[in-house]
Amino acid sequence: MSFENYTDEMLKQYIIEAKKRLGSRLAIPAHHYINKDLVEIADFAGDSYKLAVDVSRSSAEFIVFCGVRFMADGAKVLAGENQHILHPEPAAGCPMAEMIDEETAEKAVEMIGKVCDREIIPLVYMNSYADSKSFCGRKGGAVCTSSNAEKIVRYYLDRGQSLFFFPDYHLGHNVAQQIGIDDSLVVKVGRNLTLEDGKNLKEGKMFLWDGFCPIHQEFDDEDVLLMRKNYPDAKIIVHPESRKSVVNLSDMSGSTQQIYNRIAESAEGSVWVIGTETTFVKRIADTFTDKKVLPLKTSPCKNMVKLTLRNTAESVKSVEDYIAGTGSLKNEVFVDKNLVENAKLALQKMIDIVEAP
Ligand code: SF4
């Protein structure tokens, strides 16, 4: 069966019916930034952290992951031996996750350690590939998300340890400010492995890789000031992958899931300006029609849109063919066993820190 002449409605119908046929053997998680049609038919939707937790709790044999590649990678790390993870579009990567790899992270930590003459712990944002997470696992570091980064950074700093935070500079910078770390102790690490001038390197507490999300870095101070002027009654909420100055000019910041929950819980008639990915902002506006929801600026993720009803239907179809013995799984995700072991350590460390009383 080919989906060549299928309309979106027909593709949707096929996936819904296949889900009924496969029952609990199939699960479809979808990230919040994925198109609305896919989110509607998904088994669970959320940000990268929520999806990681949902996947780790799922016993489905086949997981068709509608998100970018690092998320499907992460699902594989958390999956059981008998679970197959399929990523419908392997070309859907993440430019931020690609701004560093294990080898470069290791060189950065060694270089900083030599300059500061002490051990530096690597801490990696969830938006990264398995090799980066694995590096943190084998060096006693952890993974963090935008909602728990503050708690995890504090955990290490309270023990007198200094951190190499990667790949997102802005998230690290915003967390450092939240914690109240003096700016002289927050050091940018250039992609050519240079350390920012004018900082106190010997005492440095957070060394931040110069990576960024192109979608959130798109927002600047003028965008906030303009929306503030045009919508004086609006509350402005932005994602912490935005620049520190943008966060400071806004009323609040929060992870994708926190933004969703904040709008869901807000009063009828309230006005919101949201600084995050456009597909998500549009869906919030369509979902909570009793509120006025506006984007801070149009900034869609070019990779998230690569996940479509068509390539998802093709992945689901390959599961049906595989079970029937007439075909193989399409775009199954594989991660090296050693990377899985160490990446799991870093993820477990995150859970232990977050759940500690
Ligand atoms: S929104 Fe940014 S961090 Fe998320 S997948 Fe797109 S580029 Fe990567």
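Trainee: Which residues form one aromatic cluster?
Mentor: Y33, Y260, F280 and F288 form that cluster. Bear in mind that this is a predicted model.
Trainee: OK. And how many aromatic pairs does the count come to?
Mentor: The count comes to 9 aromatic pairs. One of them is F3 with Y14, a tilted pair at 4.9 Å centre to centre and 55° between the planes.
Trainee: What does the F3 and Y14 pair tie together?
Mentor: F3 lies in the segment before α1 (8–22) and Y14 is in helix α1, so the pair ties together parts that are 11 residues apart in sequence.
Trainee: Are F3 and Y14 buried or exposed?
Mentor: Both F3 and Y14 are buried. Then there's Y260 with F288, an edge-to-face pair: the centres are 5.5 Å apart, with 65° between the planes.
Trainee: Where do Y260 and F288 sit in the chain?
Mentor: Y260 is in helix α12 (residues 256–265), and F288 is in the loop between α13 (278–287) and β14 (292–295). That's a link between distant parts of the chain, 28 residues apart.
Trainee: Why does Y260 count as partly exposed?
Mentor: Because its relative accessibility is 21%, and buried means under 20%. F288 has a relative accessible area of 12%, so F288 is buried.
Trainee: Switching to the ligand. Where does it sit?
Mentor: In the largest pocket.
Trainee: Which residues are around the ligand?
Mentor: Y33, V68, C94, P95, M96, N127, C213, P214, I215, E241, C301 and M304.
Trainee: Which ones are the buried residues of α8?
Mentor: Y169, H170, L171, G172, H173, N174, V175, A176 and I179.
Trainee: What goes on at the start of α8?
Mentor: A side-chain oxygen of D168 reaches to within 3.4 Å of the backbone nitrogen of H170.
Trainee: And which residue takes a positive phi just after α8?
Mentor: That's G180, with a phi of about 90°.

Technical notes: Residues are numbered from 1 along each chain as its sequence is written. This is a predicted model: local features need pLDDT of at least 70, side-chain atom pairs count only at pLDDT 80 or more; totals for chains, interfaces and linings use all residues. Side-chain values use heavy atoms; hydrogens and water are left out. Buried means under 20% relative accessible area, exposed over 50%, partly exposed in between (1.4 Å probe, protein chains only). Helices (H or I, at least four residues) and strands (E, at least two) are DSSP runs, numbered from the N terminus. A polar contact is a pair of N or O atoms within 3.5 Å; within protein, one must be able to donate a hydrogen and the other to accept it, and residues adjacent in sequence count only if both atoms are side-chain atoms. A residue is near a molecule or strand if one of its heavy atoms lies within 4 Å of it. On a 1 Å grid over the protein atoms alone, a cavity is a set of points where a 1.4 Å probe fits but cannot get out, and a pocket is an open set with protein on both sides within 12 Å along at least five of seven lines; lining residues have an atom within 4 Å of a point. A molecule sits in a cavity or pocket if more than half of its atoms lie within 2 Å of its grid points. Rings of Phe, Tyr and Trp (its six-membered ring) pair if their centres lie within 6.5 Å; planes under 30 degrees apart count as stacked, over 60 as edge-to-face and the rest as tilted.
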